[in-house]
Amino acid sequence: MSFEEFWEFELIPFDDMSITVGTILLVLIIVLSSRGIIWLVSRVLKLRMRRIKGVDQGRRHAILSITRYFVYTLAGFLILEAIGVNVTVLVAGSTALFVGLGFGLQNTFNDFVSGIILLFEGSLQIGDIVEVDTEVGRVVKIGIRTSHIVTRRD
């Protein structure tokens, strides 16, 4: 069996496409590359931003979070293309679906936008003490959609 035969060996056949050994290896390379890019960007951000005054831990976290989401989204599109799914048709066809979901997910979208604002504005930082209603806690993680605090009961 030659390398080309091994690479194109069909594992899962479909009507108009098939999953081959080469497809699986390509998906694995994309996943590992995206993880490596995120690791490299986080290392560079940590080293570079320590030297810049005025860039706190929250802003580093915000930049890293946005970069992570961007790289994973790009990797997802690349994986779909590698499998054989036409992403342009998928995006164009899902536009109506996204409009319908937008009406149903307004609160989630509001949380998402608020999370981005909190990450970039820096008004809330990791380690801050906050009071929500009658609960007092310390911020341990600021995410895109949710933030986590530790209270006295935790």
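Arg 152 lies in the segment that follows β5, in a model that is predicted rather than experimental. With a relative accessible area of 79%, Arg 152 is exposed, a class that requires over 50% relative accessible area, whereas buried residues fall under 20% and partly exposed residues lie in between (1.4 Å probe, protein chains only). The C-alpha atoms of Arg 152 and Glu 135 are 8.8 Å apart in space, although 17 residues separate the two in sequence.

Residues are numbered from 1 along each chain as its sequence is written. Local features in this predicted model need pLDDT of at least 70 and side-chain atom pairs count only at pLDDT 80 or more, while totals for chains, interfaces and linings use all residues; side-chain values use heavy atoms, with hydrogens and water left out.

The protein chain contains 6 helices and 5 strands, taken as DSSP runs numbered from the N terminus (helices: H or I, at least four residues; strands: E, at least two). Their order along the sequence is α-β-β-α-α-α-α-α-β-β-β. Of the 154 residues in the protein chain, 21% are buried. Contacts were defined by heavy atoms within 4.5 Å; among those between residues at least 6 apart in sequence, 41% join residues at least 24 apart. The accessible surface amounts to about 11300 Å², and carbon and sulfur atoms account for 63% of this area, as computed by the Shrake-Rupley method with a 1.4 Å probe, where for residues only the protein chains shown count as cover.

An open sheet is formed by 3 strands in the order β3-β4-β5, with antiparallel pairing. Its edge strands, β3 and β5 (147-151), each pair on one side only. On average, neighbouring strands of this sheet are turned by 50° against each other, direction ignored; axes are lines fitted to C-alpha atoms, for helices over the stretch in contact, and angles run from 0 to 180 degrees between N-to-C directions. Pairing of two strands requires at least two bridges between them in DSSP. Strands of a sheet pair through backbone hydrogen bonds, either parallel or antiparallel.

Strand β3 (residues 129-132) is joined to strand β4 (residues 135-142) by 4 bridges. Within this pair, Glu 131 has Val 136 in β4 as its bridge partner, and Val 132 stands opposite Glu 135 in β4.

The hairpin of β3 and β4 has 2 residues between its strands. Asp 133, located in the loop between β3 and β4, shows a positive phi near 55° although this residue is not glycine. Most residues other than glycine have a negative phi. Asp 133 is exposed, at 71% relative accessibility.

A nonpolar surface patch is formed by Leu 97, Phe 98, Leu 101 and Leu 105, which together have about 400 Å² of accessible area. Patches consist of residues with over 30% relative accessible area and no salt bridge, like charges being joined within 9 Å and nonpolar side chains (Val, Leu, Ile, Met, Phe, Trp, Tyr) within 5 Å; a salt bridge is a side-chain nitrogen of Lys or Arg within 4 Å of a carboxyl oxygen of Asp or Glu. Phe 98 belongs to helix α5 (residues 95-104) and is exposed, with a relative accessible area of 53%.
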